[in-house]
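Please work through the exercises below with the sequence and the coordinates at hand. Each task is followed by a solution that goes step by step.

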Protein chains: 2
Amino acid sequence: MLLHDISSTIAPDMPVYKNRDEKRPRFTVSRDHISGTIHEGRLDFDLHSGTHIDLPLHVLPQGETSDTWNSKHVLTRCRVLDFSSLGADRIRAGDLQQKEHEGRLPEGKPFFEADSTVLLKTTNSARQHFDFTFVFLEKSGAEFLAQKNIAGVGIDALGIEREQEGHPTHQVLLRKGIWILEGLLLSAVAEGNYILALMPLKIAGVEALPARAFLLEPGSVAWLKS
Amino acid sequence: MLLHDISSTIAPDMPVYKNRDEKRPRFTVSRDHISGTIHEGRLDFDLHSGTHIDLPLHVLPQGETSDTWNSKHVLTRCRVLDFSSLGADRIRAGDLQQKEHEGRLPEGKPFFEADSTVLLKTTNSARQHFDFTFVFLEKSGAEFLAQKNIAGVGIDALGIEREQEGHPTHQVLLRKGIWILEGLLLSAVAEGNYILALMPLKIAGVEALPARAFLLEPGSVAWLKS
C-alpha cells in the first residue's frame, strides 16, 4: 500500500501561528517509571495546532461545530494541485482557472463527483518554520472553488488565508459547507489524483478538529476489496 | 460505504479511568465572537482519554514511544470477537481457544496474514459510565494472542486490564510489539471481519496516542480501487 503521511508533527518545538506563545502545545508527565510502574502524560494544545479541520463556528457566530462532521468524509477522492511555481504569495481564481485550462482540473461544474477534496500544494511545504508571508488562498480563489461540487479544501499552511479583513476565504468556504483542512505537509506529494484518508479526533462541540491525514495512491488499495 | 465509528467522544462529561478528576479533559476558549471575529479554543487532555493506542513506554521503562508508530497500520484487516455473552469479568486463553474451535478464528498460527488486528467486544460497550469491574483481557488471553501473528489488540474499555500486579497483559503484548487500542465503542458492531481504519494524532515522543477508529464493511470500499 502506497501511503503518504501529510500530517504535521505535534511536538514542543512545532511551528505555531505567528509564533505566538499562547499557541504552543504544553506536554506534562503525570506518572513515570521513576516513581512507579507506568508512564502517563497529558497534552494541552490549541485546536488549530498542526494538521486540523476548521468548522463554521471558527469564523461564523452560531456556526456549526464539530458535531456536524460527517464520517462520509473519512475516505474521499482527492486532487492535489501543485502551485509551487506560482511566483506569488496568494492563489487567485485565475490561477485555478489556469489549472482548469491545462486539463489539471476537469472543466465545468461540478468538476468532481460529490464529496471530493482539493489540496493546494505551495512553497509553504518546503519551510520548517512559521513564515509570516505564507502562500494562501485569496478570496477570489475560494469563490472559484465554492462554485464546484467539493467537500473540502486543504492547504500546506497553518492558515488558509492571511491579511484579508473579515476572513473572507474562510467565510466563503464555510458558508457553503466546505470544510477547510490546514497544516498539511505536501512536499513529498506530486500533483495528481489520490484517495484522502482523513480522521479528526472525535471532540464534541468545538470549532476545529486536530486530525491525521494520509494520501493513498489509488491503485494501491485493491486488497481492501476482498 | 458502510462505515462504523467505533471511537469514544471527547467531551467534558466523558467517562474517565476510575473517575479520577486528574483524568478529565479541560476545554478553554481563547477567543470568541463576542470579543472578536473568530472562535478558537484549547484542549488539555490525558493522552489515555477516550479511544487511544498504548505504546511500549506506557509500561516498559525505556520502551518505545509514538515515534515508532508505523503508518502501515492505518488500514488493516480486522476480526471482531464478541464476548458479550461471556458471563465473566475477564477474557481468558480458554475463551479465545473456544472461539478458535467454533471456527470464529482460523486455527493455527499465524491465524491471520501479518498486520491484522483483533478487537474484543464485551458488555463494556453497553455502559455509558466508567465501570470499576469492566471486562478485561486476562494475562493468559494476552499470551494466547501474543503467539499469533497480529499487529494489535483492541478492547471496549478504557483499560485492557485491571487488578493484575505489574500490568502483565500490557507487558506481554507490548514486549511482542503488539499495540493496544483502548476506549473503543463496539455496541453497534457484530462479530466478523472488517477493515480497521485507525489514525492516531501525530504526536512526537509520547507513550499513548489519541486516535480515531472506524470499521469498514469489506465489500463497501470497492470504489477505492478505481
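## Exercises on surface, sheet, core and helix

The accessible surface of chain A in this predicted model comes to about 9000 Å², and carbon and sulfur atoms account for 48% of that surface.

**Exercise 1.** Determine whether chain A is as compact as a globular protein of its length.

*Solution.* Begin with the secondary structure of chain A, which comes to three helices and twelve strands. Next, consider the extent along the principal axes, where the C-alpha atoms of chain A fill a box of roughly 65 × 50 × 35 Å. Then turn to burial, taking a residue as buried under 20% relative accessible area: of the 226 residues in chain A, 58% are buried. Finally, among the contacts in chain A between residues at least 6 apart in sequence, 73% join residues at least 24 apart.

**Exercise 2.** Work out the strand order of the open sheet of four strands, and identify its edge strands.

*Solution.* Start from the pairing between the chains: strand E3 (residues 40-46) of chain A and strand E3 (residues 40-46) of chain B pair in the antiparallel sense over five bridges. Within this pairing, Asp46(A) stands opposite Arg42(B) in E3(B). The edges are strand E2 (26-31) of chain A and strand E2 (26-31) of chain B, each of which pairs on one side only. On average, neighbouring strands of this sheet are turned by 15° against each other, direction ignored.

**Exercise 3.** Find which residues touch the most other members of the largest nonpolar core.

*Solution.* The largest nonpolar core has 60 residues, and those touching the most other members are Leu119(A), Leu196(A), Leu215(A) and Leu215(B). Taking Leu119(A) and leaving aside residues up to four places away in sequence, its contacts include Ile6(A), Val80(A), Leu181(A), Leu196(A) and Leu215(A). A second, separate core of 32 residues includes Ala93(A), Leu120(A), Val135(A) and Ile155(A).

**Exercise 4.** Explain why helix H3 of chain B is largely enclosed by the rest of the structure.

*Solution.* Seven of the eight residues of helix H3 (residues 168-175) of chain B are buried, and the helix is therefore largely enclosed by the rest of the structure. Among the buried residues of H3(B) are Pro168(B), His170(B) and Leu174(B). Their cover includes strand E4 (52-54), helix H2 (139-146) and strand E9 (150-155) of chain B. Just after H3(B), Gly177(B) takes a positive phi of about 75°.

Conventions: Residues are numbered from 1 along each chain as its sequence is written. Chains are lettered from A and ligands numbered from 1 in the order in which they are written. This is a predicted model: local features need pLDDT of at least 70, side-chain atom pairs count only at pLDDT 80 or more; totals for chains, interfaces and linings use all residues. Side-chain values use heavy atoms; hydrogens and water are left out. Two strands pair if DSSP finds at least two bridges between them. Helices (H or I, at least four residues) and strands (E, at least two) are DSSP runs, numbered from the N terminus. Axes are lines fitted to C-alpha atoms, for helices over the stretch in contact, and angles run from 0 to 180 degrees between N-to-C directions. The radius of gyration is taken over C-alpha atoms; the globule rule is 2.2 Å times the number of residues to the power 0.38. Buried means under 20% relative accessible area, exposed over 50%, partly exposed in between (1.4 Å probe, protein chains only). Contact means heavy atoms within 4.5 Å. Accessible areas come from the Shrake-Rupley method with a 1.4 Å probe; for residues, only the protein chains shown count as cover. A nonpolar core is a set of buried Ala, Val, Leu, Ile, Met, Phe, Trp, Tyr and Cys residues joined through side-chain atoms within 4.5 Å.
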